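I opened this model to look up its pocket, one of its sheets and its nonpolar cores. My notes follow.

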Amino acid sequence: KTEAGHQSRVHPPRSPASVFPALRSAMALSLTKYKNGTQEDVQDKEFRDGFSAHEIFAMSGGVTYNDYILLPGFIDFSADQVSIDSRLTKKIAMHTPFVSSPMDTVTEAETAINMALFGGIGIVHCNNTIEQQCEIVRQVKRFKNGFITDPYTVSPSHKLSDIDEIKHKFGFSGIPVTETGKMGSRLVGIVTTRDHDFITDRSTLVSQVMTTDVVVAEEGCSLEEANNILRDSKKGKLPIVNSNHELVSLISRKDLRKNRDFPQASKDHLNKRLLCGASIHTRESDKERLKKLVEQGVNVAVIDSSQGNSVYQKQMIEYIKATYGDAVQVIAGNVVTVEQARNLISWGADALRVGMGSGSICTTQEVMACGRPQASAVYQVARYARLHGVPVIADGGISNVGKISKALTAGASCVMMGSMLAGTEEAPGEYFYKDGIRLKRYRGMGSLDAMNSAGGSADRYFSVGDKVQVAQGVAGNVADKGSLKRYLPYLITGLKHSLQDMGRKSIAHLQEGVYDGTLRFETRTSSAQQEGTVHSLHSFQRREY
């Protein structure tokens, strides 16, 4: 009897003969489900491998990308069927979750163009003058167009030397000729390289060489209809005119080829130009910088600060949203805690940049004793931000394809890369040789070199006006990685194979598994990390692609 005096009921022990059939039935069910590739549905949790994301990141201590690995899943699809579409901000989606860092040794025009062509986006650094940054954005936005609404034009009275100057400065050779030499004026011809290639007297007037029989399309036609006319005409340029034969826009055959060669390119929906972002700081003068950048068509403003939870960032976010609304998406940061993220989201941020002191050239954690291990930072911030529909960009600690995958499994929508891209042909700077190795300079924006340069990045670290500057980064060298035209396809293919091994057909499917516990993680000891890299060889040569 129990203490309350009630008779307790004790079941007699079941015989082995009655237990084994039920056990065999449960085992058969489990095995059937394993064979069908639905491991997460197995009823017997005792044999479930690994840990959920929540269990991994709830463990004591901060977690880095090296501290865990993902367990494989069931594959019933090919790697080329994997979708790596993701969101950059609330309003901008991309086909590739890659973002180049706004650093003066990483992102200028060539890097930003190639990032966008392969489905990502480049963020142009602001360690320069307003004019220099705007010129870089202008080059990106003019590289690929749908309808070119502001083409360069000339009048019949211009000289061939004027054409030469436009071609030298901007790279265009086919130029519409209007009565006044301006947009909106009556179209009278077009001048191309074939019209003046062999004319030695460059003072010759455009009216003497221009082609007057011009194939045109009427205003109001769709881009597809205009492209068909251009394709059938076999011309290089197709002017679009209104009912008064006044020039309103232009399309180019080069853009047709670019659309064919780069179908996944990141483009804005209004004019089909490449997406481009630019960084700004929080000074009053940065409002004027942003105004000029918007005039050039910038899509995203990244408020560049090592610690984004400040009144300065609050004021800048609120100003941008009040002035430009959703026309300019705001990526705020950097943050590493939920408390920081909560503030930036409440102020109106469209995306968060996560990371503090985890970059290869960053010394913030060491010098300032402030920051957070990167995987923990991404997971905790992303877990909160997703409740508000705000994407997270993992910034720092990305050194290979595996860490791109791990950042996404921690909840990031995109990854921002600095050192990964710094040694490419398109990155700013010149190659040089040291000990027989081809190198490029790469420096942190918190290094003294960057803070004391012409543009100056000191305000990123709240160091403007300090009598003594404290460096939070270093300057160094990175090895040649070749062209982004080969490197980015390697990264994209590697990421797709990584998701395939996990049994996930898309980033969205991957992150479903992060939060419902079906994507399984395993912790790694130091010896496990050593085992998972190249070892036990006398020597080897590593070629990634």
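**Pocket**

I looked up the largest pocket first: it holds about 700 Å³ of space. (A pocket is an open set of points on a 1 Å grid over the protein atoms alone where a 1.4 Å probe fits, with protein on both sides within 12 Å along at least five of seven lines; lining residues have an atom within 4 Å of a point. The volume is the space filled by probe spheres set on the points, which are joined across faces, edges and corners.) I found 23 lining residues, with Asn400, Val401, Gly402, Lys403 and Lys406 closest to the centre. Strand S1 (68-70), helix H14 (401-409) and helix H17 (484-501) each give two or more residues to the lining, and H14 gives the most, with 5. (Helices, H or I of at least four residues, and strands, E of at least two, are DSSP runs numbered from the N terminus.)

**Model**

I note that the model is predicted: local features need pLDDT of at least 70 and side-chain atom pairs 80 or more, while totals for chains, interfaces and linings use all residues. Residues are numbered from 1 along each chain as its sequence is written, and side-chain values use heavy atoms, without hydrogens and water.

**Cores**

I then looked up the largest nonpolar core, which has 93 residues; Phe57 and Tyr68 are among those with the most contacts inside it. (A core joins buried Ala, Val, Leu, Ile, Met, Phe, Trp, Tyr and Cys through side-chain atoms within 4.5 Å; buried means under 20% relative accessible area with a 1.4 Å probe, protein chains only.) Helix H13 (residues 374-385) gives the most to this core, with 8 residues.

How values were computed:
Buried < 20%, exposed > 50% of the residue type's maximum accessible area, 1.4 Å probe, protein only.
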